[in-house]
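Please have the coordinates open while you read.

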Amino acid sequence: MEKLLEIKDLWVEVEGKEVLKGINLTLPIGQTHIIFGRNGSGKTSLLMTIMGFPTYKIKHGKIYFKSEDITDLPPYERAKRGIGIMFQRPPTLKGVKLRDILKLCAKENKVKIEELAQTFQFENFLDREVNKGFSGGELKKSELLQLLIQDPELVLLDEPESGVDVENIQLIGNMIKRLLQKDIPHKPRNKSGLIITHTGFILQYVAADLGYVIMDGEIYCQGNPVEIFEGIQKYGYEECKKCLKRIKF
Amino acid sequence: MEEKTVELKEFKSAKDAPKPKDLAELDKEEKERLKLLGLDEELKREGEYVQIDAAPLLCRKKVEGLEILPITSALKNYQWIGDYYWKAVSPEKDQFTKAVAEDLDNGYFIRILPNYKLVYPVQTCLYIRTENIAQKVHNIVIVEEGAELNLITSCSVHPHIGSALHIGISEFYVKKGGKLTFTMLHMWGEKTSVRPRTGIIVEEGGTYVSTYVSLFPVKNIQTAPVCRLIGKEAKASFISIIVNHPGSYVDIGGEVHLEAENSRTEIISRNVVYGGENIARGKIIAKASKVKGHLECQGLMLSDEGIMRAIPELDSYFYDVELTHEAAVGKIAQEEVEYLMARGLSEDEAISLIVKGFLTIKIEGIPPALQSQIDKTLELAKLGF
């Protein structure tokens, strides 16, 4: 299968502290992979490093996107090449309307912003300051709407379910499904996803292809995401660590 | 180092400047500049006044209930103007007021008759076209009882002239239940000094909304309008949207005297400092009970080369008043820049959008046409590096 993203022996520091220790990962085109792990295990650091944020300093290793070495590219160059990220806690931008950002995300994509916002019952937020006073669910909707319009080939989602109430969880799930083309048959699908989840909710909406457990900045295993999640639920991460360390690769 | 002072004697009289016959004489670049500030034939206006150097070039009105005259004509024609002339600003205030009192070039007189409410703005433009002159103007605006006026003033200098001085005395009177929305969109030059001296008197139930927008380089500006709310439930808002460029000294103040019960005010400023020195002053004085006042100053520093000072002052002579202030000065948050970069914007584009957003204030009571003019000016100011 053709690789969309390939990470080779990636070591990353934040303010002098090692947060990723030799990550290796391959994401084929059209697949969705799930990342499990405790708070502080390095999950978010991995997504932020893939997006290219300068706080995450690469000490060693390479990141390839569509076979191109993007290790030293700034975030906007990565965005232009087809990588998009959903922030877990996006900042408020004073005076900047959601519509302004959506227009920028669209670039030359001919997207009907109003129409798409209506589909996800979010049209009343288009002229509000982006993220200001948004509830947990509204923040996620705003982020996913931006990504749907940006239309990246690789979608990085950081805990898309956090802070979302029961009423909105289905809508968020459907937005992600659409973003990853999970509503179309597998073969022509060209969108790929790397998703961090705590609750496993996403597994109900997205047929994920592979799961990983990250601990202390290392990937400890990979396998069927549903089975990994069930194992974590049943035995916790400690047991998971004991059990899976044997097959660390 | 920014030059803060002005030597009056260094400037020639505007009266000696060559007088253009009409606006058609302005070249393309000049017209473009004024269009950017709102002097646009395609925009609907109820009346217009354009002065170039010392000469009024256009003075017309399109509706009933509105009077527009050069101030020199109003002084000749109206006996009663003495009730307003130098009554909200003292000619003895400083060397600039004295200079205008002694040698007036011109200025505008605008009056809206009782209960007339104009739909579209009235436009004025004070333009300096000749090198090294001092333009000395005196403006009077009277909004009679129950009337409403939106006044937009675009002041600028010729794109290629060197030093110039603009001294503008403005006296505004808002009568009982009247409303004056006064919006200044200015584009001065790097060698222009500007000294507005403004006094406002608002009667019972009257409203005054002032918006000052200065996004382009200027040598120095020093102004501190004084507004007296003399009637119950009178209101005044001052909003300044300032971009401070390297080499510019911008000292903008605002002083509101709450002299009657239930009068209220807010003074809000947004300042982006690329360089130079920026001073945002505000003073609210409670001289009656049950009054409210709020001062808000926010500064965004985009360089180590600039200075930003926020100087708020609240004075109260009564116990049952509500006076507040908040100020914040700082840099752009890196996470905001990175957020936009992740959406495909370069660092410069991200900073430009954040700065534009920072300067975008929803101004209560401002007509949509004026708000969109301000937004358009912000769009065209090419904010960022």
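1. A salt bridge joins the side chains of A:Glu143 and B:Arg343, with 2.9 Å from N to O. The term stands for a side-chain nitrogen of Lys or Arg within 4 Å of a carboxyl oxygen of Asp or Glu. Between chain A and chain B, the count of such bridges is one. On the chain A side, α2 (75-81), β6 (83-86), α3 (98-106) and α5 (136-150) each supply at least two residues that touch chain B. Helices (H or I, at least four residues) and strands (E, at least two) are DSSP runs, numbered from the N terminus.

2. A word on the ground rules: this is a predicted model, in which local features need pLDDT of at least 70 and side-chain atom pairs count only at pLDDT 80 or more, while totals for chains, interfaces and linings use all residues. Residues are numbered from 1 along each chain as its sequence is written, chains are lettered from A and ligands numbered from 1 in the order in which they are written, and side-chain values use heavy atoms, leaving out hydrogens and water.

3. How many residues of each chain are in contact across the interface? Chain A contributes 28 and chain B 17, where contact means heavy atoms within 4.5 Å. Together the two chains bury about 1900 Å², with 64% of it on carbon and sulfur atoms; buried area is the accessible area (1.4 Å probe) lost when two parts are put together, summed over both. A:Tyr76, A:Pro91 and A:Lys94 supply 28% of the area that chain A buries against chain B, more than any other three residues.

4. From the UniProt record, an unreviewed entry, comes "domain: SUF system FeS cluster assembly SufBD core" for residues 129-358 of chain B; such annotations may be inferred rather than shown by experiment. This span is 9% helix and 59% strand, and its end C-alpha atoms lie 33 Å apart.

5. A:Ile232 sits in helix α7 (residues 225-244) of chain A and is buried, at 11% relative accessible area; buried means under 20% (1.4 Å probe, protein chains only). A:Gly37 is 195 residues from A:Ile232 in sequence, yet their C-alpha atoms are 9.2 Å apart.

6. B:Asp40 lies in the loop between α1 (28-36) and β2 (47-52) of chain B. B:Asp40 is buried too, with a relative accessible area of 8%. Leaving aside residues up to four places away in sequence, B:Asp40 touches B:Lys35 and B:Lys376.

Conventions: Buried < 20%, exposed > 50% of the residue type's maximum accessible area, 1.4 Å probe, protein only.
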